[in-house]
Amino acid sequence: MDQQVKIDTLTLADLRPEQQGEIVKIETEDGVFKRRMQSLGVVSGTAVTLDRSAPLGDPRIYSLMGYSLGLRNAEARQIRIRLK
Amino acid sequence: MKSPVTVALVGNPNAGSTSLFNALTGAQSAIANYQRVTTSLNVREITHGGVPLRIVDVPGIFSTSSQSPEEKVGCDYIHGEEPDIIVNVLDAGHLDRSLFLTTQLIETGLPRITVLNMMDEVRRAGIRIDTALLASALGSPVVETCALKKEGIGALLDAVAAMASTTPAAAPLRLHYDSHLEAAIERVQQHLSKLHPQELSPVRSRWLAIKMLEGDDEVLRHESNHVELVEEIKGEQSALAHEHDEDTASLLASARFAFSNGLLREVRQQEGDPTAGFKLTRILDDFFLNRTLGLPLLLGILWVMFEATFSLGAIPTDWIKAGVQLATDLVDKTLPEGMFHDLVVNGVMAGVGGTIVFLPNIVILFFFMAILSGTGYLARASFLMDRVMHHFGLHGTTLIPMVAGFGCNVPAVMATRVITNKRARLIAMLIAPFMNCSARLPVFILFAGAFFADIAGTVVFAMYMLSLVAAMVSAVLLNRIIPGSGGDAFVMELPPYRLPTLHSVLHHMWDSAQGFVAKVTGVILVGSIVIWFLQEFPRDITYSQDFETVIAEQTALPDSPEKETALKTLKSAQAQEKLEKSYLGRSAIAVTPLFQPLGFSWRDSAAIMTGFVAKEVVVATYAVIYAQEKGSDQLTETLRGAMPPATAIAFMIFTLLYAPCLSTIAIIGKEAQSWRWAGFSVAYSLTFAWLLALAASRIGGTFL
């Protein structure tokens, strides 16, 4: 049960450099942001890894669909993932 | 089809649509290696194979339904204008992401051509794409191009011309969704056909139905008077959400990506190491985006850029100076004495010649800017700076308009269109004029060279850094003043590093050189003439003493060193008084009390006033005033004797920050759609400049 809760609350911001993640869903009320992320390939099932972080740990660069996407942690926290 | 045939180039940001546009039409629109360089439609007409074509470069979009303000121009164009042919430009190295837009374009039902751009990068990475299979799967011809190298352009034009002379297929390709979605689409479609009988083709009604289910506010607003329809959409959406535990937009997006993933598995083959292609980017990023080295490197790169702008520029500047001197001497000797002689030598030659010498500095600056933006480093810089800028209520991507501002503030204000949030964009627009544009560069090079010759490059660099700080501080203030809240999400693609083509770098430099020469022969030339007249007239001045008589008396005396000195002093006093009582002198003296606390003389005030038109005029004004007064063309020497170093710093700071030039004020009014904000910008920057210059002259006065 504990395990289940932990997996459910994992977000893109929690992804570590050596881990392989998979997008679950975008959790936001902001429709524009959601559609924007979807058009960039952030949809359920997309594989994602953490590439590197900016000097102060924020924003970070993620690798998905063969390209590099820079995102702030505040936004990354709205994207739920599961580990592969 | 109609004539001319409208061909829209549509692709993701940074997919190379504008490069392709340039290659197709021979245009020279600005390109760079970061997103959203193009913010408005570019249109050019050409003819190929006897077919007149109207080529439209549409600003990049990731989706036709994202409704982000920065994608509005592109989306509105596709929805509203309905081009005859869509040329869908894809970055062939990033197909996984870019086919999403293609699936949406398929649903518009418009005739399409698919372009795989940047094929050279893909081939180098050992990737093979089966274009014949891709063409049949996408229901459109596929053309491989490399727009920067002008490869595949002929084939693309042939394909466009061929498509223009055939009737489009009656039943174009259609994407299939799962049964629940299809059923919902079908029901909405039927409802739409009932509401708009005979008006909608099946393709169009399906497209509208999908858009509405996706939650496209624009389309929904259009149909908002049909309450039933809107209710039905909401019902379908909640039913789908219930069944799939996902909202409709996500379901559709997933289905689109599922289609493109499946397609790519069939048409794309990787030979060799898949990471080989972008290995260099990785290695370079380990260095440039290093967590400890990244920011110091950014500063270092900027320092090198400004140091080189100053010191490398000095060499050709000396040649131009010599040339100007030669020309001035020649004109001086050939023209007969008189007013016209004075106008040409002391007005035109001094003003224009005094400004044109900065041409090499400007060109070198633009060389570096072309390198920064063309390689993809600028996108990295905004990534590195986002956190810092976030503290100031700014957004990392604001750095792009800011750096563009180093060239000229006008495109910088326009470049704020990359910022999604309206309020954030307004703030970016108001701080953009603080960016040290190349028009101010001559002032700093002149002053830094005159007062701080040993560390001139660093002084110039410091002025640029100060302009950044002034912008940041202003952002904090404006964030408090301007009502509302909320910033943007930082969402930015980091493009692979690319080598800018020699052609595009040279073009950038050539363009800046042309622009500068046009300014010198335009506004500077006219400005110099106007300033000369203003400082020459009126001629019937009542002097404080009868100079003519006193000079005549002195001249009559027997020759002696004392006589020479006395004569010199008298003449200079006369010239000084003449200038002070001229129109220029009188109006400058009228405003000088304002600048007295900063230590500025009336000459400095005159330069500041004329600088409102364009900041290069500041240098021209000094050149004209001093050419008149001292009869010397060594502007640097004269300037050094005219004020203490602390005042020079205050003057540089004031010039850096005070009200932007007329063109920038105009563009702020236009882009903010409010003249109040343009007026605010002037008032705010004047106050800010005054206070900072005062501080500098006080602090500088105690140290220097």
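Conventions come before the contact itself. Residues count from 1 along each chain as its sequence is written, and chains are lettered from A in the order in which they are written. In this predicted model local features need pLDDT of at least 70, side-chain atom pairs need 80 or more, and totals for chains, interfaces and linings use all residues; side-chain values use heavy atoms, without hydrogens and water.

Start with the contact, meaning heavy atoms within 4.5 Å. Chain B gives 46 residues and chain A gives 34. Together they bury about 3,400 Å², 55% of it on carbon and sulfur atoms. Buried area here is the accessible area (1.4 Å probe) lost on putting the two parts together, summed over both. Which three residues supply 19% of what chain B buries against chain A? Arg291(B), Phe383(B) and Val491(B), more than any other three.

Next, charges. There are five salt bridges between the chains, each a side-chain nitrogen of Lys or Arg within 4 Å of a carboxyl oxygen of Asp or Glu. Arg387(B) and Asp58(A) form one, at 2.9 Å, N to O.

Now the elements, which are DSSP runs: helices (H or I) of at least four residues, strands (E) of at least two. Those giving two or more residues to chain B's side include helix H3 (95-108) and helix H16 (377-391). H11(B) has the largest share, six residues.

Last, the strands. Strand S4 (residues 67-71) of chain A pairs with S9(B), antiparallel, over four bridges; pairing takes at least two bridges in DSSP. Within that, Ser68(A) stands opposite Leu494(B).
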